[in-house]
Amino acid sequence: MIVRAKLAAAEPFSYRRDPLVPPFPDDKALIVYDGVCVLCSHLMQAIARRDTAGYYRFTSAQSPLGQALSQHYGLDTETLETVLLIEQGRPWAKFDMVTRVAARLGGIYRGLQLFAILPRAAQDGCYDRLARDRYRLFGRSDVCMLPDPSWRARVIE
């Protein structure tokens, strides 16, 4: 709940006024994900494949931009507690991020929107549990994955 409240209080496009956040193109949505998490990397690849319109851009949480945005929003840059979505200048995290992306992608991904009916505490509990155990369950890579050449241009480093 703390992360959600923190992000909800953020003014749209507030990162533009933060001298520590490098300028980046924000005309499309940006997803900041854990680039060494095997699960996260595979999910970003799945999103990129399904997002044929190129609505999403990606940056790893380990990149200078990812680190700066995480710090700007008061997120822990060591534990990488959540994937972060910046859409129309607003930050979204945890299941709020998941359901927004699922709604846009459509198809089978829309099923993830069912989590929105759960109480916020249950949503956060499920998300936090998966985030905490992601390396143990799915593995960790020593380096960020290399994106598929078909969506390489959508990756901000």
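L112, F115, I117 and L118 make up a nonpolar surface patch in this predicted model. Patch members have over 30% relative accessible area and no salt bridge; like charges are joined within 9 Å, and nonpolar side chains (Val, Leu, Ile, Met, Phe, Trp, Tyr) within 5 Å. A salt bridge places a side-chain nitrogen of Lys or Arg within 4 Å of a carboxyl oxygen of Asp or Glu.

F115 sits in the loop between α4 (94-105) and α5 (120-138). Helices (H or I, at least four residues) and strands (E, at least two) are DSSP runs, numbered from the N terminus. The relative accessible area of F115 is 31%, so F115 is partly exposed (buried is under 20%, exposed over 50%, partly exposed in between; 1.4 Å probe, protein chains only).

Four strands form an open sheet of mixed pairing, in the order β2-β1-β3-β4. Strands pair if DSSP finds at least two bridges between them. β2 (56-60) and β4 (90-93) are the edge strands, each pairing on one side only. The twist from one strand to the next averages 25°. β1 (residues 29-33) and β2 pair in the parallel sense over 5 bridges. Y33 lies opposite S60 of β2.

Helix α3 (residues 64-72) packs on the sheet and touches β1, β2 and β3 (84-87) (contact: heavy atoms within 4.5 Å). Its direction makes about 95° with that of β1. Axes are lines fitted to C-alpha atoms, for helices over the stretch in contact; angles run from 0 to 180 degrees between N-to-C directions. α4 lies across β1, β2, β3 and β4, at about 105° to β4.

Residues are numbered from 1 along each chain as its sequence is written, and side-chain values use heavy atoms, without hydrogens or water. In this predicted model, local features need pLDDT of at least 70 and side-chain atom pairs count only at pLDDT 80 or more, while totals for chains, interfaces and linings use all residues.

Note on methods:
Areas by Shrake-Rupley, 256 points an atom, 1.4 Å probe, with all protein chains shown as cover.
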